[in-house]
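Let's take a walk through a protein structure together, one part at a time. Keep the picture open while you read.

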Amino acid sequence: MKGFIKILEVVLSLLLIFGILPFFTSFSKSNDEWNNALLSLSLRDILISLDKSGILKSYIVSGNLEGLKNYISSLLPGNVMIEIYVNGIPKNVIKIGCNCTLEEKIRLERSLGIYFPEDYTFSLRGKIVRFEFLNTNEIEKMGDADVIIFFGCRDLSKYLNYLNEGKAFIMIGNDICEEKIFNITLKDGLVSSYSQINSNSLEPFRIGEYFIDVPIRIYNNSNFWVKEMSHSLYVCIDNNSLPCIRIDNLPEEYHIGDTITIDETRIKIKDIDADESDGRVFSDISIIDRNYNFYLPNPYPGIEENEKTILKTLNGFSFAQCNYFITQHGNGRAVWIKDFGEERKDFGQLLKSIILWASEERFETQKQKINKNFIEIYYIVSGVFESEPYLIRLIAFYIY
Amino acid sequence: MKAQLNIDFILAVTLFIISILFVSYTVMQNAFLLRSEIDKEQKRLIGYAISQLIIFDKGYPEDWNSLYSLQKFGLSLSPYILSRNKINAINNCSYENYNKIKNLLSLPTENDFLLIITNQYDETISKCGLEHKLREIVWIRRFAILDGNIVKINLGIY
């Protein structure tokens, strides 16, 4: 019995002694942390240097993320692996599935300023973006689409896998349905006819950033809207043989780059094509005021404003709602917007910016197995003139 | 019973002595490692501070292109953009010039540095410093731009 107690004492002592040992063996961990800290410093240096030298932008704009990964890897030791993710870039080609009748498809195209095949392409922040409509109107066959658009209500319960795949739904209409997906709630009360882009919440704010940059095409002798009034646009050639436009038959001539103020709203002229040889004479213009007032004469029913409201009235109602992080994996975007009518080019400009936001690229390099002890770097490239803001997430780890 | 007690006692004492020896050995070894680790950390901190000067500081005078006139060390034109003139001025520095830079950096006497700036393909663009074969070196690697191209700044501290 006495021997047993002594052995028990020894075992307890050993347990105590070996329990203390980990405190003496923490140096290898400290070394790992130093290695990771130095790697993190190197990666941040590389991203800043690439950004300042313009190399980063050229890779991102061309969508060549594998090239960027190889470039960064060539600067790092051979035992470091990296993964790159980029958020916040509109795609160069946006595939649109229109789950609609032929008449509705034409309405949608007119809203977006599309009258000729060339109008599917437009310039945004120094790069060319193209809308590509899928050759089907059946939602079941829209697996390739980035954005699926429809007028009025649809039962989307069978198509929730599309959200998981990162696609977006855009519903245009005044009916209320699929409230959860589109984040809409009915609200009683008198709805104001004027609404503005919500700048108090990040994603609506980002849609607003697209709105002031995206052009809408107005053909010669046709109308565009500013608030509740429509105005006519005429393409002309001035005395110096430069293309110009005139508004509402007034004598003033405006040129590319000019900003016109109509009804306290600033409108920028981004392009003018006065060449009649191809039968297309037009001007690309943009409303560039963030606090532009969208007018809707009969804004019923009333939808309650919340943090995901894109267009909000002064009395707490919404004309357009967005939703994001819909699925459990954080994918999927959805937008509901009231039907303003295809003649409303201000609405068309907003719809274009909503499509850009909804289809935004979530670039990532080819995935490989990531080591448990990885480091994560975030680098934000803030938007400057003719360039867009985007976020780079870089994951790095030692393979041995 | 008596014999049984003795065996228990001998076993317990043996185990206890082995544990004491093991702990003493571990503590001694770690004390040595700790000293070495502290030394490395100091070198890393010095290296990091110097690398910050290289990347962010223009030096004084701001447009210096000769070590003769240099009063404050720094190799940049603006943050992350290095000056070709300054890089050339320190290339293949003499022992005297090395000491001048070391003095401007207030580097402790017992420490030395080795600065090697290379391009993306590890071809040396500029080199300045001392090499010691027997002393342990700690490397800090930074990146910056020189003439529109990314360059590696390898700074070793002895």
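Predicted model: local features only at pLDDT ≥ 70, side-chain atom pairs only at ≥ 80, totals over all residues.

Chain A has 400 residues, and 36% of them count as buried. Along chain A you can find nine helices and 21 strands. If you take its contacts between residues at least 6 apart in sequence, 63% join residues at least 24 apart.

Chain B has 158 residues, of which 24% count as buried. Three helices and six strands make up its list of elements.

## Where the chains meet

At the meeting place, 24 residues of chain A are in contact with 27 residues of chain B. On the side of chain A that touches chain B, three helices each supply at least two residues: α1 (2–24), α2 (27–53) and α4 (65–75) of chain A. The biggest giver is α2(A), with twelve residues.

What kinds of residues does chain A bring to this side: nonpolar, polar or charged? The residues there divide into 13 nonpolar, seven polar and four charged.

Now look at α4(A), one of the helices that touch chain B. Four of its residues, A:L65, A:L68, A:I72 and A:L75, are buried. They lie on the same side of α4(A) because they cover an arc of only 80° around the axis. A general rule is handy here: an α-helix has 3.6 residues a turn, so residues three or four places apart point the same way.

Turn to the other side of α4(A), and you find A:E66 and A:S74, which are exposed.

## A sheet with a helix across it

Chain A also holds an open sheet of four strands, in the order β8-β14-β13-β12, with antiparallel pairing. Its edge strands are β8 (216–219) and β12 (259–262) of chain A, each pairing on one side only. On average, neighbouring strands of this sheet are turned by 40° against each other, direction ignored. As a general point, strands of a sheet pair through backbone hydrogen bonds, either parallel or antiparallel. For a closer look, β12(A) and β13(A) (residues 265–273) run antiparallel and are joined by four bridges. In that region, A:I260 stands opposite A:I267 in β13(A).

Across β8 and β14 (282–287) of chain A lies the helix α9(A), running at about 150° to β8(A). Is α9(A) enclosed or open? In α9(A), 14 of the 14 residues are buried, so this helix is largely enclosed by the rest of the structure. You can check its length too: at 1.5 Å a residue, the 14 residues of α9(A) (345–358) should span 20 Å, and the end C-alpha atoms are 19 Å apart, which agrees.

## One residue in chain B

Let's finish with B:A89, which sits in helix α2 (residues 84–90) of chain B. Why does B:A89 count as buried? It has 21 other C-beta atoms within 10 Å, and the cut-off for buried is 20 or more.

Leaving out residues up to four places away in sequence, B:A89 touches B:N65, B:S66 and B:L67.

Technical notes:
Residues numbered from 1 in each chain as written. Chains lettered and ligands numbered in written order. Buried ≥ 20, exposed ≤ 12 C-beta atoms within 10 Å, placed from the backbone. Contact = placed C-beta atoms within 7 Å. Nonpolar A, V, L, I, M, F, W, Y, C, P; charged D, E, K, R; others polar. Arc of directions from axis to C-beta. Expected span 1.5 Å × (residues − 1). Pairing = 2+ DSSP bridges. Axes fitted to C-alpha atoms, helices over the stretch in contact; angles between N-to-C directions.
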